[in-house]
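Hi there,

Here is the structure I promised to pass on. Have a look first, and my notes follow below.

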Amino acid sequence: MTDTTQPNTTPSALARLWNSDLAWNFRRSWTARISSLLILILFAAALFAPLLATQNPYDISQLFLLDSELPPAWIEGGDPRYLLGTDEQARDLYSSILYGLRLSLIVGFASVALAAVVGISLGLIGGFLGGMVDGAIMRVADILLSFPAILVALLVNGIARGVLPPERHADAAIWVLILAIGLTNWVQYARTVRGSTMVERQKEYVQAARINGVSGMGIMMHHILPNVLGPVLVIATINLGMAVLTEASLSFLGVGMPATQPSLGTLIRIGNEYLFSGIWWVVIFPSVVLVALVLAVNLLGDWLRDALNPKLR
Amino acid sequence: MLGFLIRRIIQSVFVMLAVALIAFMMFRFMGDPVNSMVAETATTEERDAVRERLGLDQPLYVQYGRFVARAATGDFGLSWRNARPVSTLLAERFPATAELVLVAAGLSLVLGIPLGILTALRPHSVSTQALQLMSLVGISLPTFVTGILLILIFSVWLGWLPSFGRGTVVDVGWWSTGFLTLSGLKALILPSVMLCLFQLTLIMRLVRSEMMEVLRTDYIKFAKARGLTNRSIHFHHALKNTLIPVITIFGLQLGGLIAFAIITETVFQWPGMGALFIQAVSFGDVPVMAAYLVLVSLIFVIINTTVDLLYAVLDPRLRVEGARAAH
Amino acid sequence: MTLLTVENLTVAFPGRHGTVNAIEDVSLSISPGEILGMVGESGAGKSMTGAAIIGLIEPPGRIAAGEIRLEGQRIDTLRPDEMRRIRGRRIGAIFQDPLTSLNPVLTVGEQLIETIQTHLKLPKDEARARAIDWLRRVGIPAPEARIDTYPHQYSGGMRQRVVIALALCAEPCLVIADEPTTALDVSVQAQIIALLRKLARETGVAVILVTHDMGVIAETADRVAVMYAGRIVEVGSVTEVLTAPRHPYTRGLMASIPRIGARPDVLPQIEGAMPRPHARPAGCAFAPRCPARIDICSQTRPDLTGHATRSVACHLSKEVPA
């Protein structure tokens, strides 16, 4: 009999991913699929905002004040050019939402990245060095955890405002926000990585490396990082939801993105001021988009956590 | 037990000192207080005189020491925004926040615990699934959106409840309360509902997961094997074990309520400490920010220590130092 | 007159890959005051049988076939609240781990008094007096003082004594003791077994003693049932089964017990392993491992044949002397 099987090739990384437990779990879970779809749509909308928007709402020359406070297009008095209506400065709400979504996502991602970098570094340092350094880091982390995130974010924000001269506030707002939110959320990353580091540090290959005069750090990272990738991913996803919420809250409170560069939270704040005059669309539509975003991210994070949890497999 | 208490108190003092340090640094390095206290045309001599009067020429640690001493008596100087003593401002606004937080905390417990028990005892019923879904949405909704929705429905469209302010308040000594008037009570409803929602979903989920875990234990199995009634098993044997961690976590979350009150007070224009803090952040009013920080930290530290003590009181395993083993 | 009869009991667990029978066609009986041992390895079905008798099978498991009769009355078909009244009052249970069997936030006294009052309807002070008495009977020193202490203040052996008191305080006629000594130190095991035996004789309660330890059976039980792969393979008096086992599995078990004085180079063991519930072979479940198997063994399952005091489920042992 002739052997007609194919030559033995190792499947590509993509094929391995497709066949992995994670992918199978994903295909089975409708919450995972729906939330990922929603997130993709929102990301795409934010990414292509300049292409999808009908106007640039920050460009004053594009605004016609006569068109201000128009209701959504399908309601009497609306204008099909402004699909979701306009605000009191005649900015098209649909375009504002797209740009605002973009800002919210930028701040969200950047602050998560900052928190991850800070947290992972501190975790590695603390776990590797141990002793007083580790003790100090963990003590700070404990104190930080006992304070609600929004309070710390507000504090950092306030300090930044105090330090910067007032005319720079608006420009620096986005950086201040990223810094404030990033600095409050690093603790979970630090703890996870620290735990892994301390486990690896005991292992023989690290001791062997140290005897050889090689710093164990590089080799350790090679072993630690794959282990912590899963949990870090889960933390990052859940953190993204929290970061977006925190940014929205700060903007809503008036200490986040300014009205000249509004994020979704800022839009909601602006809309809130006009709630009683019956202009409900400026509040409702950005809120719907914000809630959809956070809900989708939370659902995905929940699913990811359960899927990657070794105890539930 | 006493040793434990003393250790915790010492820890708390350290935390407070650290917080005071941050507050002090804020004062010292943000803005120049001298500039805001003298006229633009002041000479250097006059500035130096002011500097000396304010003690700004002393070494840092002396200034820090003085700061701590003054802070301990509640003196944080004058607000940069309206030149009133910070302690007075905080004292005026404290009752508003306190009442709001207390009502919200109470609501979250009174509703959250029974709902959590319900979802634990009937895990597959329709009401449980509905509640689970609502709790997931509840965690994802930004609190201010909930507040705005509440205002939209109950104030703008239905017109039942007020959307801003505290209503009529009555002064009882130093405290001003909204509990004693109908308008005060009505004004409390929407903000406290908004504030309690996040806490409520948290408690519900916590009670549910704790109780389900307790119901799987061997001692519950043994209680069933002894033929004890369902009522006793659920509400006597299981509940006590469930509530111990719940109460402690609730205590730790109280801090979150105080923080979220900031948003609630902004949405409902509630004249509390949180609203004051936001105005201070917006303006860069350092004395108010620093004082709020120190006050809130103090509250957190007190709550945390109380919770730890409470845990030791509630769980008999922690009460006796070491089990007295006898054969 | 038997106290409890179990006839052709089958407990099924519906699963993702079809229904699995944890125990199949189990029949046994126990007389008042008798101590019946149930021996077998982990997973053989001993605990499951006990759980079925007391009505504590966890859903989705359920009794798929058979009958259980207590003093002539069927109990496997009772409503939940009726079964609840039987538990504790007529059938008691003792579980393996004394550490986790007691509620940590209630005092020993509270747990005892509640059990007594639930079933015997006594006023509080009388229930308390009885509770103290029970503590004394199970060998807890200074019971008046210890009744208001918490479980974590007791050692393992003492806790198991409390568990025994709890199982007996409502005065049942049958107690199912599921591996009562497995989690205890060896030195304490003997004490607890002796206590159990003494109390059983004193109160006249029948005991189903579930264990994997043949030594415990030898010391304590009157009769023994050997379980393998969800079925009973041999039943008889302890003396008979232990000295003259008829089923190859029982023979293998007895042979693998090391004897004092003998010094084998290799400890004899039964080759292979007991099949899991979903992978039981056709025919006799022990056949693949049986040194004495013949063709019919892998084709037809042997029924438990014999008479009330001695039966075996083996094709090679059909004739049983009376």
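Helix 7 of chain B passes helix 10 of chain B in a right-handed crossing (the near helix is turned clockwise from the far one by less than a right angle). The model is predicted, so local features need pLDDT of at least 70 and side-chain atom pairs count only at pLDDT 80 or more, while totals for chains, interfaces and linings use all residues. Residues are numbered from 1 along each chain as its sequence is written, and chains are lettered from A and ligands numbered from 1 in the order in which they are written.

The axes of these two helices, residues 143-157 and residues 230-268 of chain B, come within 10 Å and cross at roughly 30°. That makes helix 7 of chain B roughly parallel to helix 10 of chain B (angles under 35 degrees count as such). From helix 7 of chain B, B:Thr143, B:Phe144, B:Gly147 and B:Ile148 meet B:Phe260, B:Ile263, B:Thr264, B:Val267 and B:Phe268 of helix 10 of chain B; contact here requires C-beta atoms, placed from the backbone, within 7 Å.

Chain B also touches chain C, with 24 residues from chain B and 28 residues from chain C in the contact. On the chain C side, helix 4 of chain C gives the most, with four residues.

Finally, C:Pro248, C:Tyr249, C:Thr250 and C:Leu253 in helix 11 of chain C are buried (20 or more other C-beta atoms lie within 10 Å of a residue's own). The buried residues of helix 11 pack against helix 9, strand 9, strand 10 and helix 10 of chain C.

Best wishes

Conventions. Two residues are in contact if their C-beta atoms, placed from the backbone, lie within 7 Å. Axes are lines fitted to C-alpha atoms, for helices over the stretch in contact, and angles run from 0 to 180 degrees between N-to-C directions. Angles under 35 degrees count as roughly parallel, over 145 as roughly antiparallel, 65 to 115 as roughly perpendicular and the rest as oblique. A residue is buried if 20 or more other C-beta atoms lie within 10 Å of its own, exposed if 12 or fewer, and partly exposed in between; C-beta atoms are placed from the backbone.
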